[in-house]
Structures are given as structure tokens and as C-alpha cells.
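Please read the following note with the sequence and structure at hand.

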Amino acid sequence: MSTTSPVETAGAGAATYVDQRLGSNKFLARNLGKVFPDHWSFMLGEIALYSFLVVLLTGTYLTLFFKPSMVEVIYDGSYVPLKGVSMSEAYSSTLDISFDVRGGLLIRQMHHWAALIFVASMSVHMFRVFFTGAFRKPREFNWIIGVVLVTLGLGAGFSGYSLPDDLLSGTGLQIARGIVQSIPVIGTWGAFLLFGGEFPGTDFISRLYAIHILLIPGLILAMVTVHLIMVFTQKHTQFPGPGRTNDNVVGYPLMPVYMAKAGGFFFIVFGIIALVGGLVSINPIWVFGPYTPDQVSAATQPDWYIGWLDGALRTMPNLESHIAGFTLSWNVLVPAVIIPGIIFTALGAYPFIEAWVTGDKSEHHLLDRPRNAPTRTGLGVMAITFYLLLFIGGGNDLIASAFNMSFNSIIWFLRISYFVLPPLMFVLTRRICLGLQRRDREKLLHGYEAGRILRLPHGEFIEAHEPLSVKELAVITSKTDIAPIPTPQKTDIDGVKNKKYAIQSRRSKLSHFFYGENVPLPSAAEIEAGQAHVAADAALEAPLHAYEDADQISTFHGGVLHHPGMAATNAEQQNEH
Amino acid sequence: MTDITPHGSQPAKLGHSPVADVPHVLRATDTNPKAAKRAERQVASMFLLSIILVIAFIVCYVTIDKDTVVYIPVFGEVALLTIMLGLTSGLSILLIGAGAIQWAKKLMPDVEVVQMRHEMASPADATAEAAANYERGKEESGFARYPIIRRTLIGAMALFPIPALFLLRDLWSGGLSGKASPDEILSHTLWRKGERIVVDETYQPIKPEDLPVGGLVSAVPANLMEEQELSGNLDARGKAAIILVRMDPTEIVAQQGDGWDYQGIVAYSKICTHVGCPIALYEQRTHHLLCPCHQSTFDLANAGAVVFGPAARNMPQLPIGVDNEGYLVALDDFAQPVGPSFWERG
Ligand code: HEM
Ligand code: FES
């Protein structure tokens, strides 16, 4: 059956050649059969990786034509409305890419779409990791790398968006400069150093260019490499299911299934980006015109991933203080520097905070179902709510004109919502999670409610229950019940004062808050009894089914089974009397 | 690796999980040779179509003129070449992926296999060996024994990046002794006593009677053109741009200086005091000036006061009058820095 093609012989020859120099066959032996678990949500990280590769490829093409220079030139390309207009070389070369390089616009638009997809998939990937607890030991480092990657992704996007030196991107830079200037003590000097003097100067685009095409992509590439090596050595987490435990990985081997699926998926992502880049216009810089610091286009909107920052800037009250001859611009500092600083620090620190609160030091390879960690899930939803509110703030002008509302009412709505809605969502989410846990417990004890009420021939009503499927049983019982850290003693048995009492008791309280209301799984014996009960129910139901078949009992009135000769419902029964 | 379950056709085996396994269901392609043949043809056709699309790409590239614009509903007026290149290359790439995935799904084994994990921590003997090696290294180097070497090394390492910081100083060549510091530079514009106010773009000087009540003009100093040519940048423009509006003098509630208007014509900076966007929208009825970036709103009838939004400071006002030929001129520079606040601003 097996045939050896010339290609295979050559491949084997090459493998041997390389192996004799690098010992690579040891690696292949260990890893060609490496198992990767499968789940749709694991594709989010893949999308991020593949769109980044597309960004690298298309970006490299753009560098062949783009001129990162702020020297003023007179445009003489084929876009007629701007002929003869004075503009920077950066802007005019971007026009050339768009109108005079065949396929240039396709590549530019692919680059931009790929960048948007990169940031978006990275963010959603991060949510997946958060809500399933995949950041827990031993994967904390990879979480931190992920947070750095998201930050770098925002930087890459913003720096690229600013390169073409059109009216929109220049306005973004002007805002960025205003933000740098708001930093106490060093801000003014910092801005002068960055821009080589005043705004806009003539240095910034070429400086930004080095940052955009070398520094940030280089860092991203390095981080992505480490990220993937860690995923590889630690093996991927998996969702609970039959046969899946904390000690194994169930999935497809690298060669051939995973390779074919992941490789194929790269081409799918690439192909979709090319299609979108060809069909859907993005950032039509020729519409905005060249940058000049005293003009602005009516509704300025940044790329979506900057929107939350813009929203924060828009909704911050206009506070400024003057202390000892110096100015502190809280109205800029808080939304653009302090809040993002807090958000990213909290994000990076979260795994360590949670581990400290729970006291959980074990390795986790089986993913949590979000409902089984209600406090974490609540915190995540709370953060998303806060983010969305900021994002809405960034579009307040669009909302104002679409719904004919005043800026004032939108802004006050948002300001109040920042403090009210996130905690509300936290409480709500936590309760929903606990409710789901309770339902899970019910299912284990009483099986799965079939949604049918049965009336037995002698008049007794029973609710039909069906046993859980193997998969469901595995998923539900994957929950691990961890006891909160016990309340510490003020003094030990010998009456010696516990010096760490304050911190220990705070930790214990947090731990109770984290786990306290969790609904424990029933014991194994209880589950068994429950299943037996369900089986008994089913046994009761069986003759009924036989009966039904024989007598053509029909299912009327909300699923109540009737014998033809019997009253159909309670109401009818009443009428009979 | 020894812990791979040979994946002939066994389904995932039970590990420590308390539940039984799900039986593996065979696919049509596993049982029916015809279905397998059909899948094979499907996959091969996708790859073939991908090849054809590359040829189509080349044909489009060569034959379609880059300036041809077509109208497509929803997408609007678009360059035909961009669309066709995107379609052909996108689909050809997509089909490679679709073919590979179809192949994996239909023709490669769909049986999940199991591998065991190992604790990430190293075994105790490895840890002990690492510790011993470290101790030996510490001992042999004498790191613990020579405190002076240790301390001076730490000092040297701490100072080693400092030259790099110095090297960044000349990112901006200004601010040296005798030259203006950033806050001085930010505090001055091209405006000075007697400088003519000219219309932006056309550089036409303006007479008061050119501007009707309710009218608005974007303006710059007359010497801006020369300055821009000299410096080769737009820095001066970014600070000096102003907006001139005329209102009924009785409507002016307050100004930043006595008599800074000229017969109801007031001049205000165009650069928002929030983070520096140029301001564009003026509502004549309320005398409100609105920044499109974050909606800060300034009342030009009331000394440029902030009436709404995140800006903290009034819009700076430029004192104006007319020269002996009757053209509008500045009476002085702005009395305060224009644009966003900064630390040294006071
Ligand atoms: C090696 C990596 C990269 C290279 C060589 C590169 C190169 C370039 C170049 C030359 C431009 C010029 C402007 C234009 O023609 O539109 C550009 C623009 C841009 N880049 Fe990159 N880039 C790289 C990575 C990235 C990354 C990682 C991102 C975002 C996550 C990104 C986002 C952008 C954006 C949004 C633009 C503006 C495009 C437009 O205006 O349509 N780039 N890039
Ligand atoms: S720059 Fe004008 S409101 Fe922000």
C-alpha cells in the first residue's frame, strides 16, 4: 500500500542531512506526534498570529514605495483633485501607493485590515484566556507576554496610522503630543525631544517610521516567538470533556491533522484579508487631504482600538491645578496616562492577585467554565462594561447626531455609568454564574429535565427526567471545589500573638469573597444515587411509552400525556365534575 | 515519546476521568469508498481552482488599466484593478486553505488521541544538581568572598546605560544655554504689535468692513508665509492660526483685556486648549466655538470661557486694532501660551 515517491526519498535524505548536523530527529521524534486539543476558541490566537504575518508581508511591500519624509513637495501624481497641492513626501508617496502602483492600494488596504484584525483577535483571545482561567499556574508568564503584546499592538497600530501624514492622522499626532505635554515635570521636554522641537516639526514621521517598521514589529516578533514556545512546552490547555483530565491532552497529532488544519487556516485568514483588502475601502487618505496644523476634518475618529482612550479624554471633567507656579492638567493626565496605566498594570497583575487570594498553588491544564469562577467572570464582565462605556464615549458625537441628544446628557450619563454600571454588571454576572452552578448541581442529582410532565394511568404526575449525556456529565463534574482560606487565629494555642493577623484575615476575607458562595458539586455517592433515580424514572416512563405506542396517546396541551379516554387537562377535569 | 497512545483507530482513552468514553462515530468517507473518492476530487478541485485564479490574477494585472473606476452598489466608486486583484489573489489563497482543511476533515483520521502531561517543575535531582552547580560557580568566582568587586560591579552595571540617555539629548537641538527653552518657545507666536491679520490661504489683508456681523474668517499673521519658507516647517502656523468673528459690540459680555476687540471684531486662537486640535465649528447665534475632537466649547462673547467639555482653560484672545491704512492688525502677541497646557506654564 505504501509507495515511496521521489519527493519522500528526498525528504528523508534532507532530514538525515540536517539531523547529522543538528540532531533534529530527536526533536521530530518527540514532536511530530504532539497532541493539540481542538476548540473553536483556540483559533482566536491563531488568527492573531496569521494576521500578524500578513501585516509583516504587506508592510514590507509598502516600505518599498513609502517615503518617510516630511519634506514639502508639490503633488504631481494621477489623483487629479490634489494635483499641484503642497504636501509632505510621506503623504504624496502614500497617494502614489494608492493610485500609481498597480496593486498598491490592495496591499495598503490589506495592511490596514490585517492590523485591525490583529488587534481585535488578540483582544478577544485575551478574553478567552481570562474567562477560562487559562492564565493560572503554570501559564502566568504567557499572560504577561500577552498583555505586553496587546500594548505593543496598540502602539504598532497608532504609529502606522500616523505615518501617511494625512489630515486625520496628523490630528491624532497633535493629540498625542498634547498628552505627552501633560505629563508633570518631564512632559514639555519629552514632547520637544520626541518631535525634534515644536509640533509638527520635520523629524517626527521618520522617527515614527523606525518605531513602526523595526522597533515594534521586532519586539512583537520576539514576544510572539517566546509565547508560542511556551505554549508548545507547556502543552495547550483543554476544555473539560469525556476522557479529558488535568493530567492529559486529548486532541489531534501535529502531523498530519493539526498541521493541515492550522496551515490551512493560515491561508484562510490570509485569503479573507486579501478579499476584504480588495473589496472594502479603508483609510482613504486622499479624501482627508494633507496635514496642516490649523485644519481639521469635521468628525475626527481614530481607529477602533484607540476609541476607548478618546472616550476617556472626552468624558473627563475639565480639572487643572496650579501649584507653586506649575500646571497639572488632570483633564488630560487622568484619562490618557493614569487610567490606561492602571488598566494595563491591573491586567498584568491579575493572575498573581487571584493566586494570592485563592491560595491555589496547583497546576491547571483543564479550563474553567466561566460559571465555575463567578467572581473572576464578574470582574471580567465588569472590565468589559467599563471598556465599552469608554468606547461609547469615543463616539459621543456620532451618538449625539444619530439620536439627536445633547452632548451634555450623553457625557453625564457616561460619567455616572462609569461608577454604576460596572459594579452592577459584576453583581449580576456573579449571580447568573451561581444560578448556573445550582442548575448544574440539580442536573447531577436529578438528571436533565425533559420538559415533559407525565401523568401515569393511575393519575399521578411525574416530571420526566433524562440521564445526562456522557459529555455533559464530564463537563459538569470537571468543576473543582476549592475551600476558601480559613479565618486566621488572633493568637495561637500558646496564646502567642499572630503578627500577620491583619493581612491573613484580609486575605481570608477576599478568598471567601472569591469562593464563598460557590455551589459545591454533590458527592460521588449522591451523583450515583441521582443517576439511579433518573434511571428509575425512565423505567417508570417506559411502560407509558409502550402504552402510547399501543393506544396512540397524543401529546397535547403543553406536553401532557393523555390516555384517550381521560380528561385532557385539569381544567377539563374540573368541567367534568 | 513513549506516552503517545498509538493512534491507529482507538478513540480517546479514559484517563483519570470518572466518566466513560464516547464511542467514535465513523464518517461516510471512512466507510464508503465512493464518498472518499468524492472528497478527494473536492480537495483537488480546490487546489486546481487556486492555480487558475493565479493565472487570472496575472491576466487582470496586465490587462486592466489602473485608472479604471467602476461603480459597485454598496462599495461605491472603486478602482477596478484593486477589486480584481483582491478577488483573484484572495480567492486563490483562500482555496488553498479550504482544500487543506477539507482534506484534514474528510480524509485524515478524525480520532482524538491522548498524551500525558508532566508537571512543569524539574525533578528534585535536577534541581539539586543545578543548585550545586550554582554554588560551585559562586565559590569559584569568589563572588561572595570579594565584596569590593561585587559592589563596584553592581555600581558599574547601574551606570552603564547612562551614556545612552545622554545620547538622546540631541533629539532636539534647542534649549541649550542662550537658546530658548521649550516653555519660552511655546509661549510666543509670530504675532506682534502692528502685524497684519491676513486671510488664511489667500494672504489677503482684512479691513473691518469686509467682515459683517456674524461673519467668521480663519486668519494668520502676514509674516507667516515668509517664516514658513525660512523654517521649512509648519510650527509657526500651528501656534499663530486665529479665528476672527464679528458680533454686535453690545453682545460682548467680557474679554481677556480691555478694548481687545475692534468694533465688535474679536480674534481668538484656533488651537484648542485641551490637547491642541484646531477648532472649526462656530455657532453664530450663541457665539460658541466647538472643538471637533472632544467637543470642548468656548464662548467667544465671554472672554473665550469654556462652557462645555474637557478643556480647562479659556481660548487665548489676541488684542487687535487697525493700522493707518485701515487694515486689521494685532496689538501684541497672545498674553498667554496657546494650545494645550504644560508643566512650566504656571
Ligand atoms: C514589519 C512590520 C511592518 C512594516 C514593515 C510596516 C510598514 C508600514 C508602512 C511602510 C506604512 C506606510 C503607510 C501606508 O502606505 O499606508 C504602514 C502603515 C501602517 N501600518 Fe504598518 N508595518 C508593519 C507592522 C505593522 C503592525 C504590527 C501594525 C499594527 C498592528 C501596522 C499598522 C499600520 C497601519 C494601521 C498603517 C496605516 C495604513 C494606512 O494608512 O492605510 N503595521 N506600515
Ligand atoms: S482638543 Fe479640543 S476638545 Fe480635545
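At what angle do helix α15 and helix α16 of chain A pack, and how many Å apart are their axes?

1. In this predicted model, helix α15 (residues 396-403) and helix α16 (residues 407-446) of chain A pack at an angle of about 125 degrees, and their axes lie 9 Å apart. An angle over 145 degrees would count as roughly antiparallel and one of 65 to 115 as roughly perpendicular; α15(A) and α16(A) are therefore oblique to each other. The crossing of α15(A) past α16(A) is right-handed.

2. On the α15(A) side, this contact is formed by Asn396(A), Asp397(A), Ile399(A) and Ala400(A), and on the α16(A) side by Phe407(A), Ile410(A) and Ile411(A). Sorted by class, the contact comprises 5 nonpolar, 1 polar and 1 charged residues.

3. A second pair consists of helix α13 (residues 330-358) and helix α14 (residues 374-394) of chain A, which pack at an angle of about 170 degrees with their axes 13 Å apart. Angles over 145 degrees count as roughly antiparallel, and α13(A) and α14(A) are therefore roughly antiparallel to each other.

4. Helix α13(A) contributes Ile339(A), Ile343(A), Tyr350(A) and Glu354(A) to this contact, while α14(A) contributes Arg376(A), Leu379(A) and Phe386(A). By class, the contact of α13(A) with α14(A) holds 5 nonpolar and 2 charged residues, with no polar ones.

5. Regarding confidence, the average pLDDT of chain A is 89, and 92% of the residues score at least 70. Over residues 551-577 of chain A, however, pLDDT stays under 50; for this stretch the model has 40 contacts beyond four places in sequence.

Notes:
Residues numbered from 1 in each chain as written. Chains lettered and ligands numbered in written order. Predicted model: local features only at pLDDT ≥ 70, side-chain atom pairs only at ≥ 80, totals over all residues. Heavy atoms only, no water. Axes fitted to C-alpha atoms, helices over the stretch in contact; angles between N-to-C directions. Helix = DSSP H or I, 4+ residues; strand = E, 2+ residues; numbered from the N terminus. Parallel < 35°, antiparallel > 145°, perpendicular 65-115°, else oblique. Contact = heavy atoms within 4.5 Å. Nonpolar A, V, L, I, M, F, W, Y, C, P; charged D, E, K, R; others polar. pLDDT = per-residue confidence, 0-100. Left-handed = near helix turned anticlockwise from the far one by under 90°.
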